[in-house]
Every structure is written in C-alpha cells, then in structure tokens.
Amino acid sequence: MEVADGIFGGDTRMVVHGISMGAATTMMASGEPQRPYVRCFVEDCGYTGVWDEFSKELKSSFGLPAFPLLYTASWLCDLKYGWNFREASSLAQVAKCRLPMLFIHGDADDYVPTWMVGPLFEAKPGDKELWLVPGAGHAASYRDNREEYTRRVGEFVGKYIGPA
C-alpha cells in the first residue's frame, strides 16, 4: 500500500478547488489521471493559458504587443527549460478532464478577462456547470457573494462527494 492510499483511502472524498492562479493549477491538474478519492473540481477565475494571460497583461499593463517580447521570452524559456508558454494551457488540460467541474467567473473581471471562461467551459467534456457572478471582479466572487457562493459550491460538490 502506498503512503497516499493509507492517508487518503477508504471513505475519503476530495474536491480540488482553486481561485485565480490556483484555478489555473486546478484546471491543469484536471487533465491528468486522478486518484479515486478525487471526485470533482471547482475553478474560480482561472485563465485559458499562460500565453493568453501574459499577452493580455502586456497589452493592458504596458501597452505592448505580444511580438516580439512574449515570443522571445517563450523561445528563451524553451531553450533553457524545454517548455514554452503555449504549452501551459489550462484549455488543453480541461479538454482531457473526465471528472465534473464547476466554473466560476466574475463578469467584471478585468485581470483574467471574463471571455476566457467561455472557451474553458466549452472545452470541458461531460458534467460541468458555469456561474457568471454579476458585478464580481477578479477573485472577488466569494468576497462579494459569500452566502450564494457557499450554497452553489456546496450544491455542486454535494452531487459528487455524497453525504458526509
């Protein structure tokens, strides 16, 4: 028996839930094989991929186009580390996800633009739900709507983890 099975065996039921960079991490992990105790995912305001987010930030924060800076940085990263910015794709990983996922995104998010949740939601096969939170900015859906957030996440998760 592996250590992880001893710790997380038996009746263990786990939800992977992340906000912002944690949401991107949640989606990246969702496309990988999962242990049987992982039952579903909740991602809150995650981005489609590193390339898209870096490109958006270059433009909005610095008024710069993706070319040549982003292309050069990605190329140098590939030379030095063997991977590039386009490979870090939440979108590609979500397309491989076989467990249920709840997508949450504020409709006033201008850091990770709200449009990014559309392609993510469409790419996800199988069971999924989307909640666009009215008026919520980046990573503010829970802060601004605690009761509804808790209720919606609880209802979604409850369908897949069963009774306590």
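Predicted model: local features only at pLDDT ≥ 70, side-chain atom pairs only at ≥ 80, totals over all residues.

User: Okay, which residues make up the largest nonpolar core?
Analyst: That core has 12 residues in all, and they are A24, Y47, V50, W51, L58, A66, L70, C77, F85, A88, V112 and M116.

User: And which helices supply at least two residues of it each?
Analyst: Two helices do so, namely α3, which covers 50–62, and α4, which covers 69–81. The largest share of the core comes from α3, which supplies 3 residues.

User: Pick out Y47 for me. What is it in contact with, leaving aside its neighbours within four places in sequence?
Analyst: With those neighbours left aside, Y47 is in contact with M21, A24, M27, E53, S90, V112, M116 and L120. Among these partners, A24, V112 and M116 belong, like Y47 itself, to the largest nonpolar core.

User: Switching topic, how many salt bridges are there in the whole structure?
Analyst: A search of the whole structure finds 6 of them. As a general point, side chains of opposite charge can pair when their charged atoms come close.

User: Which residue does K159 form a salt bridge with?
Analyst: K159 pairs with E129, and the closest N and O atoms of the two are 2.3 Å apart.

User: Where do those two sit in the chain?
Analyst: K159 lies in helix α8, which spans residues 146–161, whereas E129 lies in strand β4, which spans residues 128–133, so that the pair, 30 residues apart, links distant parts of the chain.

User: What about R143 and D144, how exposed are they?
Analyst: R143 is exposed, at a relative accessible area of 56%, while D144 is partly exposed, at 39%. Their side chains meet in a salt bridge, with 2.9 Å from N to O.

User: Back to helix α8, how far apart are R151 and E148 there?
Analyst: R151 and E148 are 3 residues apart in helix α8, and therefore about one helical turn separates them. Their side chains meet in a salt bridge, where the distance from N to O is 3.8 Å.

User: Last one: which residues are linked with them in a network of salt bridges?
Analyst: The network links E148 and R151 with R152 and E155.

Key. Residues numbered from 1 in each chain as written. Heavy atoms only, no water. Core = buried A, V, L, I, M, F, W, Y, C linked by side-chain atoms within 4.5 Å. Buried < 20%, exposed > 50% of the residue type's maximum accessible area, 1.4 Å probe, protein only. Helix = DSSP H or I, 4+ residues; strand = E, 2+ residues; numbered from the N terminus. Contact = heavy atoms within 4.5 Å. Salt bridge = Lys/Arg side-chain N within 4 Å of Asp/Glu carboxyl O.
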